[in-house]
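My notes follow in the order in which I made them.

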Amino acid sequence: MNKITEVSTDHLNSKKKKILLLSDDLWLRVSSGVGTVSKNFVLGTLDKYDWVQAGGAIKHPEDGKVVDMNDSVREETGIEDAYLKIYPISGYGSQEIVRDIIDRENPDAILHYTDPRFWGWLYDMEHE
């Protein structure tokens, strides 16, 4: 995975809190149950929160990219200040990926919504 080196400034003018979602990719072409539910609660709260996601898939076709979904979700929801960026990852991610996204996006909270069995590495860094 490529290390993320740019820092996002899109969120600086927003008064909404930003949440980092760790789950299955919201917009992957073959959706999982976790991805579908994640998409529903993200779309349902875009008026209240800004969202950034580490979106996992077994072999993600867009691994290492940053997908800016702002225009798409603004059109779909009618919420003018909707903010959603997805960082596609293959597999279940890593401590380095989460640290890079946190450094870049500066979230106010982290929501882990998926089966925790394969995310032991995430709980190993909870002290951070």
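I began with Lys18, which counts as buried because its relative accessibility is 0%; the scale I used takes buried as under 20% relative accessible area, exposed as over 50% and partly exposed as in between, with a 1.4 Å probe and protein chains only. Lys18 sits in strand E1, residues 17–24, where strands (E, at least two residues) and helices (H or I, at least four) are DSSP runs numbered from the N terminus. I then asked which side chain Lys18 touches through a polar contact. The partner is the side chain of Tyr83, at 3.3 Å; such a contact is a pair of N or O atoms within 3.5 Å, in which, within protein, one must be able to donate a hydrogen and the other to accept it, and residues adjacent in sequence count only if both atoms are side-chain atoms.

Before going on I noted that this is a predicted model, in which local features need pLDDT of at least 70 and side-chain atom pairs count only at pLDDT 80 or more, while totals for chains, interfaces and linings use all residues. I also noted that residues are numbered from 1 along each chain as its sequence is written, and that side-chain values use heavy atoms, with hydrogens and water left out.

Next I turned to salt bridges, for which a side-chain nitrogen of Lys or Arg must lie within 4 Å of a carboxyl oxygen of Asp or Glu. The structure holds six of them. One joins the side chains of Lys16 and Asp50, at 3.1 Å from N to O. Lys16 lies in the segment before E1 and Asp50 in strand E2 (residues 49–57), so this pair ties together parts that are 34 residues apart in sequence. Lys16 and Asp50 are both buried, Lys16 because its relative accessibility is 10%.

Which other residue pairs with Lys16? I found Asp81, with the closest N and O atoms 3.5 Å apart. Since Asp81 lies in the loop between H2 and strand E4 (84–90), this pair ties together parts that are 65 residues apart in sequence. Asp81 is partly exposed, at a relative accessible area of 44%. I therefore recorded Lys16, Asp50 and Asp81 as linked in a network of salt bridges.

I also logged the salt bridge in which the side chains of Asp47 and Lys48 meet, at 3.2 Å from N to O. Asp47 counts as partly exposed at 40% relative accessibility, and Lys48 likewise counts as partly exposed at 49%.

Asn106, found in the loop between helix H3 (95–105) and E5, has a phi near 50°, a positive value in a residue other than glycine. At 56% relative accessibility, Asn106 counts as exposed. Val37, Leu111 and Tyr113 make a nonpolar surface patch of about 210 Å²; a patch takes residues with over 30% relative accessible area and no salt bridge, nonpolar side chains (Val, Leu, Ile, Met, Phe, Trp, Tyr) being joined within 5 Å and like charges within 9 Å, with areas from the Shrake-Rupley method and a 1.4 Å probe, only the protein chains shown counting as cover for residues. Tyr113 lies in the loop between strand E5 (109–112) and helix H4 (120–123), and Tyr113 is partly exposed at 31%.
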